[in-house]
Amino acid sequence: MYEDSWYNLVPDHTHKRNPSVPQASGHRRRGSLLQPPNGKQSDAVEPLEELFEEPETPIEPPEATITRRAKSYSDFYHVVRAQLSKDATAARKRRKKAKERTFDALMVEKPGHSNKRQPPVQSGSLDDELIEASQQEYLIYRDQLEITERHLDTLISDTNGALDLLTSLADSFRAVESQTSSFQAQCDDLLSEERRLQKLADEVGTDLHYYAYLDGVTRRLNAPGASRLVNHESFGEIMTNLDACIAFMIDHPDYRDSESYLARYQSLLTKALHLLEVGFTGHLDRISAEISKQIAATQSESARHALAYGRFEEMVLEVDGLVTNAQRVIRSCYDQLGNPIPGRTFDYYSNTAVNIFSSYADVRDRDLRPMTQHDLDVFKKDVKETTAETACRNFIKQCYERSYDEANLFARIFSVEPQYNMDPQSAYAALKKQQKALVHAANIAPIATTLQPVLQISELQTVCNLLGWVTNEYLLLEYDEDETTQYSIYCHDLTARLLIEHMWPLTDSAFEAEVTKSISKAVISPESLKISAVVNGVASSNAHPITKRALELLAMYDQAMPKERSSSPVVFRIVYETILAMQRAEARLKANKAANPDPDPDLFMIKNLLILKNGLVSLEIGDVRSQPAAMQHFGQIWDTLSPQNWMGLFRGILGGSLSLGLWSSAANGKAPQARKQIQAVEKDANEKLDELLRQSIYAFTQRWGTLMNAARGGRRAAANNNNNNNKNLAATETDLDEKLLTAFGGQPEVVAKLKEAIQINAQAQKEMKAEKGAR
């Protein structure tokens, strides 16, 4: 309870034993103090008690004083030091007085008072006083202990009292707590109920707002001059609140009169959107009335461009509140790229947005009609004065530039950039429905409509050149460049749609017409069936004219189209019609029943089919713009035909285990059936070509293998006619060499492969004859 320093307040007195009176050695015994000096008896002896009549200073603890409470430890230290010093001084004074009393009690003569006569002292009291004086130090210590004991008892008593007080207070607090706990619980319940009621009141007030808003907004939208609301930003708040009210009524169908309020709010939203549509259309009409006159009045292209785009945009954006509200409506149903945003009011907003787009397209088409008509006149003039290809290029460039300007203007006015999207609810689909004469991002039909009449009467090579230029100029972006401009990206997207939707179908139709004209309905003259010598080492120089035309068409198509369209139906149609034409020519050649017809029908088919196969392989690798000097892909084609399996194949055919119908190009002698077979494999022209090549190669090698075996066999049978037989064999080999060199001049690899196949076939025939003879 108290610090240890408190108990150090009791002074610690250090007493020293009084020194005894020194007695000189060798001194004679002093005379008795009871006898008067000079041997005379005192007249009167004073009683001993008179020695103690003087009040004696009591030996007791120092009087308690109130010590100033220390403010800090340093102050308390100084106070204790001062008190201890004071108590030590008082103790020294008391010891001095006690010493004097002891001298008085022992009747010892004090220094300076030796001449005074001391009264006699009784011995009994002196013994007691001596004992008491000798125990004086211990008595003082006992008194200090008693004081300390009393002080400690007081502290214990105070501490016990404080503990009792604290116990009573704790009991009181527990009693109060027990009494107030129920009250606190009731208060908590009341607070919870208050919060619940407050929340309920807020909800009721919020729900009531969706009902109370109807009257106010109805008055505002039906008031005279309500059309002027669309020019202010407050109109946007009205539409936002109407959306919130409609959503609330849809989410709470069980609320009172929710269906009625929903219908009225939807009607008000329709009216508000109609006001905005009428206001924006009127704003565009006022601008158009001024801009269109100025554009028609000037002949300068730069001035027209400044009026059509710079001045028009400035006048539209002058009424910023109206434009902001129109943007709010459009962005409520479309995102930045024109994708639809599904919502409960999407139909209302999308209908208004489509109507605004339609009004805008009408105004722009009407205002820019002098400019578009000027572009058409320039195009027609260029077609007459220059080439059709040059005129088409210039017209496409002009349309792209104008379309890019229109797209930028549209984005700044409506804050949306429609991108290609097949979704019928997208902004792109909505704009695509606005088919006007003006070209924009979603309306590229005017380009194709203008080019189509010119391209239809132009040569097919002109169409291919134009498509190749458009593809290389705009569709194939140079990704190696440091920067790709927005204009190039825009032209890339525009070109992709122009080619896919218009130009490629137009080109395919032109190719179909050319294939029908030059291949399907081509007349096969007898002169074209002859195989002439190769000219200048070009493998296709002595091919049939139909085959040459097929190669030209394949080359032009590869020039006009990207590699992704190399497997289009046009390519298969070219191959299909060429195969049919070659089969018709083969049938005419086989009508000649000679043993060694000229030209050889099988060699004719091998020659033309190999040329066609080589052209297809070149088309796949993208190198058909210049005719190669030799058939550089023959090795790949020959490996595809699997000649290493021909020995077994020839044996199987000769033994009758394989059907010759598969290898007969004129099976059953009916062209319609052959046409059906080709149609069945139209989607895989390469496999069909491989099949017909194997068929023709087998027929050619079988016949010449038979001739070779016949020449050799006749030589063995008639040994007396060796010279004639040798001449027959040499003539046969010479005839074969002439035919092969004529058909494949400058191509020794082809000649060697065919001779090898003939030897394989002849060897297979010999083995089969030997097996039959052994049986």
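Helices here (H or I, at least four residues) are DSSP runs, numbered from the N terminus. This is a predicted model, in which local features need pLDDT of at least 70, side-chain atom pairs count only at pLDDT 80 or more, and totals for chains, interfaces and linings use all residues. Residues are numbered from 1 along each chain as its sequence is written, and side-chain values use heavy atoms, with hydrogens and water left out.

**Salt bridges**
- The count comes to 23 salt bridges, a salt bridge being a side-chain nitrogen of Lys or Arg within 4 Å of a carboxyl oxygen of Asp or Glu.
- In one of them, Arg393 pairs with Glu389, and the closest N and O atoms are 2.9 Å apart.
- Both Arg393 and Glu389 belong to helix α11 (residues 388-414), where they sit 4 residues apart, about one turn of the helix.

**Helix α16 and its neighbours**
- Helix α16 (residues 545-560) packs with helix α17 (residues 569-590) at an angle of about 175°, the axes being 10 Å apart; axes are lines fitted to C-alpha atoms over the stretch in contact, and angles run from 0 to 180 degrees between N-to-C directions.
- This makes α16 roughly antiparallel to α17 (angles over 145 degrees count as such, and those under 35 as roughly parallel).
- On the α16 side the contact (heavy atoms within 4.5 Å) includes Ile546, Leu553 and Tyr557, and on the α17 side Val570, Ile574 and Met582 are among the residues met.
- By class, the contact of α16 with α17 has 10 nonpolar, 2 polar and no charged residues; Ala, Val, Leu, Ile, Met, Phe, Trp, Tyr, Cys and Pro count as nonpolar, Asp, Glu, Lys and Arg as charged, and the others, Gly among them, as polar.
- The axes of helix α14 (residues 460-475) and α16 come within 7 Å and cross at roughly 30°, which makes α14 roughly parallel to α16.
- Leu553, Met556, Gln559 and Ala560 of α16 meet residues of α14, including Leu460, Cys464 and Thr471.
- The contact of α14 with α16 divides into 6 nonpolar, 5 polar and no charged residues.

**Helices α5 and α8**
- The axes of helix α5 (residues 234-251) and helix α8 (residues 320-333) come within 9 Å and cross at roughly 25°.
- α5 and α8 are therefore roughly parallel to each other.
- Phe235, Gly236, Met239 and Thr240 of α5 make the contact with Asn325, Arg328 and Val329 of α8.
- Here the division is 3 nonpolar, 3 polar and 1 charged.

Note on methods:
Helix = DSSP H or I, 4+ residues; strand = E, 2+ residues; numbered from the N terminus. Parallel < 35°, antiparallel > 145°, perpendicular 65-115°, else oblique.
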